Amino acid sequence: MKEHKARKRFGQNFLQDTRIINDIVHAVRPQPGDVVIEIGPGLAAITAPLAEKLDKLHVIEIDRDIVGRLKTLPFAGKLVIHEGDVLQFDFNSVAGKKKIVGNLPYNISTPLLFRLSEVADDVDEMHFMLQKEVVERMTAEPGSNGYGRLSVMLQYFFEMESLIEVPPESFYPAPKVDSAVVRMIPVKYRIGKAEDFGHFAGLVKHAFAQRRKTIRNNLKGIAADGDLQAAGINPKERPEHIEAGKYVVLSNYLVQQAV
């Protein structure tokens, strides 16, 4: 089989570190009857050990050449191959509570994480290789440099833990950044339930629009000082110092005031 050349437009960096691969599979804990979806199987570094333990494995791959390679592998009979862009994939088309795993292309990681939030109710757990800086933002606490919109929105849906740090030399070609594996377990309303999720999401987006400004300035015309104080928020605070749950409280307060 001829060597596959990594394609920059697909953000391909192929994992080749056996120890890291084994650690990821151990974290996923695949059981024969599990419903598992792998995003971006690439050269099957994780696909092969997963397929060994599963009755069936769904894989999503955009690269036609890789799809062709997957069909020739010894365990191809266990694979259900979904060819196309993962950002357009209907995860609900795969029935059952799902485990989702993947070495995610870093160039689409943030929109993909938001997309996966939409199907959290149908997910058992997820394990992803991501840029380390993104994992730090996902799991960041209020007051830390990485805490922002991504932190709040993902912490609304998931309990998250950084499991494994992965150096560039674990990949071919080696990326210019460090990577990390994160575990994401859906925990419904873990920071409170937003009465109007669209309002909550919009509020958080506005709140972090300009990090150096106070929450009062970023939410000007949306929330007055009295609204902020009613939600337990100091109007002079910067958005990155406000705990995630208070954004839910503020959104619910504003929605109720509008009725």
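Guide: Welcome! In this predicted model, strand 2 (residues 35-39) and strand 3 (residues 57-61) run parallel and are joined by 3 bridges.

Visitor: What makes strand 2 and strand 3 a pair?

Guide: Two strands pair when there are at least two bridges between them. Strand 2 and strand 3 have 3 bridges, so they count as a pair. In one of these bridges, isoleucine 39 has isoleucine 60 of strand 3 as its partner.

Visitor: Where do these strands sit in the sheet?

Guide: The sheet is open and has 7 strands in the order 4-3-2-5-6-9-7, with mixed pairing.

Visitor: Why are strand 4 and strand 7 called edge strands?

Guide: Strand 4 (79-83) and strand 7 (158-166) each pair on one side only.

Visitor: How do you know that helix 4 and helix 6 are roughly parallel?

Guide: Helix 4 (residues 109-117) and helix 6 (residues 149-157) pack at an angle of about 25 degrees. Angles under 35 degrees count as roughly parallel, and therefore helix 4 and helix 6 are roughly parallel to each other. Their axes are 10 Å apart, and the crossing is left-handed.

Visitor: Which residues make the contact between helix 4 and helix 6?

Guide: Helix 4 brings Thr110, Leu113, Phe114 and Ser117, while helix 6 brings Arg149, Leu150, Met153, Leu154 and Phe157. By class, this contact has 6 nonpolar, 2 polar and 1 charged residues.

Notes. Residues are numbered from 1 along each chain as its sequence is written. This is a predicted model: local features need pLDDT of at least 70, side-chain atom pairs count only at pLDDT 80 or more; totals for chains, interfaces and linings use all residues. Side-chain values use heavy atoms; hydrogens and water are left out. Axes are lines fitted to C-alpha atoms, for helices over the stretch in contact, and angles run from 0 to 180 degrees between N-to-C directions. Helices (H or I, at least four residues) and strands (E, at least two) are DSSP runs, numbered from the N terminus. Angles under 35 degrees count as roughly parallel, over 145 as roughly antiparallel, 65 to 115 as roughly perpendicular and the rest as oblique. A crossing is left-handed if the near helix is turned anticlockwise from the far one by less than a right angle, and right-handed if clockwise. Contact means heavy atoms within 4.5 Å. Ala, Val, Leu, Ile, Met, Phe, Trp, Tyr, Cys and Pro count as nonpolar, Asp, Glu, Lys and Arg as charged, and the others, Gly among them, as polar.
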